[in-house]
Amino acid sequence: MIEFFLGGIAACGAGFFTNPLEVVKTRMQLQGELRARGTYVKSYRNVFHAFYTIGKVDGILALQKGLVPALYYQFLMNGTRLGTFQMCKNVGLVTDKNGDVIYWRSVVAGAFAGTVGAVVGSPMYLIKTHLQSQANMHIAVGHQHSHEGMIAGLKGIFKKHGVLGLWRGVNGAVPRVMMGSGAQLSTFTNAKVYVEKTKIFKQGSWLIPLTASFLSGIAVTMVMTPFDVVSTRLYNQGVDPSGKGSTYKGFFDCFWKILWKEGPLGFYKGWTASYFRLGPHTLLSLVFWDQTRAVYMSVQNKE
């Protein structure tokens with residue numbers, strides 16, 4: 001269980017610093033939903049303009065909207081994801097008999113760990129997205145949910161749609177996290193081994209995971225953004241009385257509608273926000289994870 005706890009703590013540390021970027025990313029991904037380019041007013045012209053606009057119209061604290069469920073999500077999803085991946089490493093599922101990492105195995109293990117984490121953390125991502133999209137009517141984008149907070153939102157969804165309502169949108173979260181996790185963890189693991197072999201930095205230096213996580217962040221941004229847009233749309237859409245999505249029927253329906261209405265570039269809405277958010281988040285979470293594990297192992301060895 002300690003692997004899950006260490007992974008969760010590391011992700012929470014990263015999530016606290018990158019949540020404002022998550023708010024900006026969510027708003028930009030919902031902007032112009034199912035509208036062709038040039039047919040809607042852009043409230044957020046770019047990531048920097050979005051920061052300025054949100055701070056000016058909604059207030060500076062709005063940049064930390066959804067922080068509580070975001071941290072719960074980071075602990076549950078990434079704790080499960082990083083812990084599961086580390087367990088796969090510990091039992092030798094991603095290495096050969098000599099202890100060298102096998103790339104395709106690390107990709108599969110990362111994708112599997114991401115799938116488990118996405119399912120566990122889905123309710124928190126749902127309510128986080130609802131809260132982060134809430135905005136003043138002048139800059140509002142996407143469906144506007146009326147939750148007053150995390151607890152009220154979860155209670156309201158459960159009362160109306162039951163337990164399954166809390167996992168609405170998980171069909172978008174699984175491919176999102178599976179693809180991102182597969183790219184992130186496999187790239188980080190292999191990059192870290194490569195950097196260690198170059199002996200540029202001394203053994204145990206924090207610059208090793210720092211360099212490896214920087215490379216991993218680039219890969220995650222490129223692979224994950226289209227799935228991230230689809231996932232945000234599925235989570236944030238309104239629902240009918242039966243609890244079914246009023247705009248999209250599921251992952252493939254959402255994917256097709258974005259492609260048909262917004263074109264291929266629709267999948268990269270908020271790409272710059274995703275880069276600024278995913279890069280630092282990957283960097284911080286993996287460095288925190290690596291360092292917390294190092295501290296734990298050091299304490300264990302002394303005992």
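Student: What does the accessible surface of the chain come to, and what percentage of that surface belongs to carbon and sulfur atoms? After that, please take me to the salt bridges around Lys-25.

Tutor: Keep in mind that this model is predicted. The accessible surface of the chain comes to about 14,500 Å². Carbon and sulfur atoms account for 67% of that surface. Now the fold. The chain has nine helices and zero strands. Its radius of gyration is 19 Å, close to the 19 Å that the globule rule gives for 303 residues, so the chain is as compact as a globular protein of that length.

Next, the charges. Side chains of opposite charge can pair when their charged atoms come close. The structure holds eight salt bridges. Take Glu-22 and Lys-25. Their closest N and O atoms are 3.0 Å apart, and the two form a salt bridge. Both sit in helix α1 (residues 2-30), and because they are three residues apart there, about one helical turn separates them. Glu-22 and Lys-25 are both buried.

Lys-25 also forms a salt bridge with Asp-228, with the closest N and O atoms 2.8 Å apart. This pair links distant parts of the chain. Lys-25 lies in helix α1, while Asp-228 lies in helix α7 (residues 207-236), 203 residues away. Asp-228 is buried, as is Lys-25.

Now put the pieces together. Glu-22, Lys-25 and Asp-228 belong to a network of salt bridges that also includes Lys-128 and Arg-176.

Conventions:
Residues numbered from 1 in each chain as written. Predicted model: local features only at pLDDT ≥ 70, side-chain atom pairs only at ≥ 80, totals over all residues. Heavy atoms only, no water. Helix = DSSP H or I, 4+ residues; strand = E, 2+ residues; numbered from the N terminus. Rg over C-alpha atoms; globule rule 2.2 N^0.38 Å. Areas by Shrake-Rupley, 256 points an atom, 1.4 Å probe, with all protein chains shown as cover. Salt bridge = Lys/Arg side-chain N within 4 Å of Asp/Glu carboxyl O. Buried < 20%, exposed > 50% of the residue type's maximum accessible area, 1.4 Å probe, protein only.
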